[in-house]
Amino acid sequence: TDTTSSVSLTLDEARDLAIAALTRRGADNRNARAVADIMIRAERDRCASHGLFRLQGYCASLDSGKVDGAAHPTLHDMAPGVLKVDGKGGFAPLALELGLPALADRARQQGVAVLGLTDIYHFAALWPEVETLGELGLCGLAMTQASPMVAPAGGTKPFFGTNPLAFSWPRPGQDPFVFDQATAALARGEIMIMARDGHDAPDGAGIDPDGNPTNDPAKILEGAQLPFGGYKGSNIALMIELLAGALIGSVFSVESGRQDNKDGGPPVGGEFILAMDPSRFGDAGWAAHTEVLFKELEAIGVSRLPGTRRRLARQETPSQGIRLPKALYDTVQDLAVG
Ligand code: NDP
């Protein structure tokens with residue numbers, strides 16, 4: 001359906017358009033499907049900033065030759081508790097599909113395991129990876145660096161990526177508890193959408209190129225974003241640089257930024273994912289104890305937990321489809337069929 005401002009699509013139609021756009025540019029079937037799936041999972045959960053809005057960037061990085069659309073990621077056993085996936089210069093989704101089942105197996109065997117992914121191009125949200133672990137009965141913690149966009153506490157120039165941190169906790173018999181948040185006050189995609197739509201950014205979102213606070217999203221994109229929570233968010237962003245960079249043998253955001261060709265797609269980077277099996281920590285009642293906490297929260301009136309919004313959207317979009325802004329639909333259509 002085509003109205004003046006938006007176009008409605010089924011999830012399958014949206015997936016087909018994404019796959020067509022990616023394969024046209026040399027992505028192989030496995031990579032195109034994995035990347036399309038990750039965008040459609042975001043559309044399904046009404047996370048517009050990581051849905052088809054990202055297709056243009058993925059395509060730009062295939063067009064520029066920065067990312068190998070036919071990459072074959074490889075899995076390596078580094079130590080009993082440490083696995084590594086070498087992404088071989090491809091997009092993150094296929095590397096994650098290879099690494100996550102192995103990480104889950106290892107965490108079940110040992111109680112705890114870490115997966116480090118290197119030489120990947122991550123352009124998505126992190127909840128899909130931790131949610132997958134949560135649905136497998138594991139606690140997951142994932143983080144990745146990006147290119148420099150966020151000024152550290154005490155600095156005025158971009159240094160950290162928006163460095164997201166995602167967490168999942170399994171709740172047997174029901175959806176896992178999942179949160180996923182940037183360490184920047186706002187995700188980059190949100191600021192890009194505000195700039196596109198002519199909306200002001202909230203206070204504390206960023207500074208202009210001279211280091212002055214501003215609400216103009218275009219000036220923030222030229223200047224720097226700010227971490228959430230002042231120096232506390234800045235410290236978490238720094239931890240993510242160390243875990244997703246130095247620990248696993250990947251790059252820091254500043255290094256990634258220096259080598260990037262600025263084609264509008266994702267920068268090269270790594271991802272740190274920790275998985276823990278609660279049933280291996282000695283408390284057979286952990287799952288029931290978990291529910292005590294959630295009931296206590298409910299008792300004091302807290303009903304909006306992270307992940308709730310996405311799960312509700314997920315019940316609707318498979319039958320109702322999604323609505324894409326007309327301009328985005330035209331871009332997607334153009335990328336898919338020219
Ligand atoms: P938000 O601030 O929108 O949301 C952060 C988390 O808080 C979500 O889990 C959300 O759950 C939850 N939440 C939102 N509102 C409430 C509320 N009122 N009460 C309780 N929980 C709430 O996300 P960000 O803007 O910080 O990050 C957006 C995305 O960008 C993330 O998915 C992140 O992974 C991604 N990203 C990816 C990068 C990359 O390099 N690949 C870089 C930076 C960010 P819910 O989903 O239910 O709304």
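Val85 is found in strand β3, with helices (H or I, at least four residues) and strands (E, at least two) taken as DSSP runs numbered from the N terminus. The model is a predicted one, in which local features need pLDDT of at least 70 and side-chain atom pairs count only at pLDDT 80 or more, whereas totals for chains, interfaces and linings use all residues. Residues are numbered from 1 along each chain as its sequence is written.

Leaving aside neighbours within four places in sequence, Val85 is in contact (C-beta atoms, placed from the backbone, within 7 Å) with Pro73, Leu75, Ala95, Leu98, Gly99, Leu115 and Leu117. The C-alpha atoms of Val85 and Ala36, which are 49 residues apart along the chain, are separated by 20 Å.

Three of these partners, Ala95, Leu98 and Gly99, are among the buried residues of helix α4, which also include Ala92, Pro93, Leu94, Leu96, Leu100, Leu103, Ala104, Arg106 and Ala107. The cover over the buried residues of α4 includes α2 (29-44), β2 (74-79), β3 (82-91), β4 (112-121), α5 (127-135) and β10 (268-276). Helix α4 comprises 19 residues (92-110), which at 1.5 Å a residue should span 27 Å, and this agrees with the 26 Å between its end C-alpha atoms; the expected span is 1.5 Å times one less than the number of residues. Gly111, with a positive phi near 95°, follows α4.

Helix α8 (residues 231-247), with 17 residues, reaches 22 Å from its first C-alpha to its last, close to the expected 24 Å. Its buried residues are Gly233, Ser234, Ala237, Ile240, Glu241, Leu243, Ala244 and Gly245, and they pack against β5 (139-144), β6 (165-171), α9 (253-259) and β10. Just after α8, a positive phi of about 80° is taken by Gly249. Helix α12 (residues 326-337) has 12 residues and reaches 16 Å, close to the expected 16 Å, and is followed by Gly338, whose phi is positive, near 75°.

Ala14 lies in helix α1 (residues 11-24) and, not counting residues up to four places away in sequence, touches Leu9, Ile40, Glu43, Leu52 and Ile322. Between the C-alpha atoms of Ala14 and Pro209, 195 residues apart along the chain, the separation is 38 Å.

The shell around the ligand contains 24 residues, of which the closest are Ala125, Pro164, Ala187, Pro306 and Arg309, a residue being near if its C-beta atom, placed from the backbone, lies within 6 Å. Two or more residues of this shell are given by each of β7 (174-181) and α11 (308-320). By class, the shell divides into 13 nonpolar, 6 polar and 5 charged residues, where Ala, Val, Leu, Ile, Met, Phe, Trp, Tyr, Cys and Pro count as nonpolar, Asp, Glu, Lys and Arg as charged, and the others, Gly among them, as polar.

The protein chain as a whole has 12 helices and 11 strands. Buried residues make up 48% of its 338 residues, and 66% of the contacts with a separation of 6 or more are between residues 24 or more positions apart.

How values were computed:
Buried ≥ 20, exposed ≤ 12 C-beta atoms within 10 Å, placed from the backbone. Contact = placed C-beta atoms within 7 Å.
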